[in-house]
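Here is a short tour of a predicted model, written to be read with the structure open beside you.

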Amino acid sequence: MAEIGNSAGLGRLIPRRPSWRTRALNALLRLTVGKGLSVDADVPALRRYYEALDARYFKVEPDVRRTAVDCNGVFAEWVSVPQTRAGRVVLYLHGGSFAFRYPNAHAALAARLCRRLGAQALIPDYRLAPENPFPAAPNDCEAAYRWLLAQGFDPQGIVLAGDSAGGNLALVTLHRVKRTGDRLPACAVLLSPAVDCTLGSPSMVANDGVDPMVQLNSLLVLRRHYVPSAHQYTDPEVSPLFGDFAGFPPLFFQAGSTELLRDEATRAAEKAHAAGVDVELELWPGVAHGFQIAGFLPEAVLAIDHIARFVEARTGWSDMA
């Protein structure tokens, strides 16, 4: 893989052309996603619409077990598979711009990770904006992690993972747990994390109109629902890029080379690396934001393998390979 970024050996550009399935999906997304959200978009109504699409088009394998659980007031779902072994947990924080949820899509992704790692996943149903703006979501995610600890799970048997907004919440959770001096998870997996609420990353402009999944105008609309005050944009609780990464566990980043959030991943990876954190960063050519969710893509299959390789090396779970 070719090196990228400012830190030698930190970033890797995956040396493959986008598959025909990825090209077809990108074309479909450009037709269906459109020009993004309008300023007056009815977010709760859109959420109901997206959840209906999720229920219709995303299917979870029949051998996946999904069990509702109350994590001290935070509703969540356990996802387990036949390969699940005791003591291995992926705390998965779903994406959706802090406003949407895709229960089947994320359960299916978590199940694929669990098959590869021999783990079970806990997916918190954290509160969403605009009904519940910041800090409801990070409060719920932190509570879910602390609930796992209270249940007796060893932090070294916990992997924290999240995509997009969930990647933001994963990093905020790490910041909070470190600040209180509690034990951190074994490692974290961050898939195209949204880390800078100022939206100041160069790729936000360079890739607007290129990314088939996410548009800058949509992010501007959704940002004001999650964080009503611009004074909070640089708060590390909102934008974890501006926090202190020193002492973090190993971090694994993946993003698309042409997506809006590409530089969110690269900037966070570089800052963590500069703080002495064990970091790996992968950029995948031509894929859409959140491509790992689309399990029919060959890139998604390979991406899960790469995630598993990283996690296995940091947890000792390699006996499932």
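Let us begin with helix α8 (residues 262–274), whose 13 residues reach 19 Å from the first C-alpha to the last, close to the 18 Å expected at 1.5 Å a residue. The expected span is 1.5 Å times one less than the number of residues. Helices here are DSSP runs of H or I with at least four residues, strands are E runs of at least two, and both are numbered from the N terminus. Within α8, the buried residues are Asp263, Glu264, Ala265, Thr266, Ala268, Ala269 and Ala272. Buried means under 20% relative accessible area, exposed means over 50%, and partly exposed lies in between (1.4 Å probe, protein chains only). These buried residues pack against α6 (203–206), β9 and β10, where contact means heavy atoms within 4.5 Å. After α8 comes Gly276, with a positive phi near 90°.

A word on the ground rules: residues are numbered from 1 along each chain as its sequence is written. Because the model is predicted, local features need pLDDT of at least 70 and side-chain atom pairs count only at pLDDT 80 or more, while totals for chains, interfaces and linings use all residues; side-chain values use heavy atoms, with hydrogens and water left out.

Helix α9 (residues 298–315) has 18 residues and reaches 26 Å, close to the 26 Å expected. Its buried residues include Ala303, Ile307, Phe310 and Val311, and their cover includes α1 (20–33), α3, β7, β8 (187–191), β9 (251–256) and β10 (279–284). Gly181 follows α5 with a positive phi near 80°, and Gly316 follows α9 with a positive phi near 80°.

Now for the backbone. Most residues other than glycine have a negative phi, and most peptide bonds are trans. The table gathers some exceptions.

| Site | Backbone value | Loop |
|---|---|---|
| Phe98 | positive phi, about 65° | between β5 (89–93) and α3 (103–117) |
| Ala129 to Pro130 | cis, omega near 5° | Pro130 between β6 (120–124) and α4 (136–150) |
| Phe134 to Pro135 | cis, omega near 15° | Pro135 between β6 and α4 |

Are Phe98 and Ser164 buried or exposed? Phe98 counts as buried at 10% relative accessibility, and Ser164 is buried with a relative accessible area of 10%.

Leu251 touches residues including Leu171 and Leu174, Ala272 and Phe310, not counting residues up to four places away in sequence.
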